[in-house]
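Dear colleague,

I am handing over the structure that we discussed, and below it you will find my notes on what turned up in it. Please read them with the model open beside you.

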Amino acid sequence: MESNIVQVHDRYYKPFIKEDDIQKEVSRLAGEKNTDLAGKDPIFLGIHNGAIMFASDQYKQLRFPCQITFLKLASYSGTESTGSVKQLIGINRDLKDRVVVVLEDIVDTGVTLETIIRQLRGYEPEEIRVATFLHKPDATVKEVKLDYVGMEIPNDFILGYGLDYNGYGRNFREIYQLVEDKGK
């Protein structure tokens, strides 16, 4: 077995996106936001737990006054989306007449994001934008507008850089892809 294969629980993963490539995309996305959102006093809404690394890396590179808060949702069990969203921690900031930028680690089915946007509209923001580090277009079942996309990837299970398998693997600096055959 290759030495760069990692094991999380009963599954094996191979390197997929290197840390340098991740940081290049994060910087590119931050640059777009620095241009688009300057002077708008936006509030960034990171989606826990997965977006914690992306949100942190983005926020450090923003060059204008802004705020950040987090909303915790759950929609995954193991490697599969459950198809439902459970709100665990609510919004604790006034969003009325604010530009809200949702920071997601990954958009796959779109179910979670559709629910978030629907809930956010009830807070009467001026505008809702979405920034996702990763997007799986082949997994999409709910079409949602993505304003900022880091990378489009195939519909494979991945972990690292905030993404997990049953709570583990979020701390990896790189992103790994599930290997079906342990010998690969």
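Which residue lies over the face of tyrosine 148? It is lysine 33, at 4.7 Å from the ring centre, where a charge counts as sitting over a ring if NZ of Lys or CZ of Arg is within 6 Å of the ring centre and within 35 degrees of the ring normal.

Before the rest, some notes on the basis. This is a predicted model, in which local features need pLDDT of at least 70 and side-chain atom pairs count only at pLDDT 80 or more, while totals for chains, interfaces and linings use all residues. Residues are numbered from 1 along each chain as its sequence is written, and side-chain values use heavy atoms, with hydrogens and water left out.

Buried here means under 20% relative accessible area, exposed over 50% and partly exposed in between, with a 1.4 Å probe and protein chains only.

**Aromatic pairs**

Searching the whole structure gives seven aromatic pairs; rings of Phe, Tyr and Trp (its six-membered ring) pair if their centres lie within 6.5 Å, and planes under 30 degrees apart count as stacked, over 60 as edge-to-face and the rest as tilted. Phenylalanine 44 and phenylalanine 64 form a tilted pair, because their ring centres are 6.5 Å apart and their planes stand at 35 degrees. Phenylalanine 44 is in strand 3 (residues 43-48), whereas phenylalanine 64 is in the loop between helix 2 and strand 4 (67-77), 20 residues apart. Phenylalanine 44 is buried at 1% relative accessibility, and phenylalanine 64 is buried at 10%. The pair of phenylalanine 54 and phenylalanine 133 is also tilted, with centres 5.6 Å apart and planes at 45 degrees; because phenylalanine 54 lies in helix 2 and phenylalanine 133 in strand 7, this pair ties together parts 79 residues apart in sequence. Elsewhere, Tyr13, Phe157 and Tyr165 form one aromatic cluster.

Note on methods. Helices (H or I, at least four residues) and strands (E, at least two) are DSSP runs, numbered from the N terminus.
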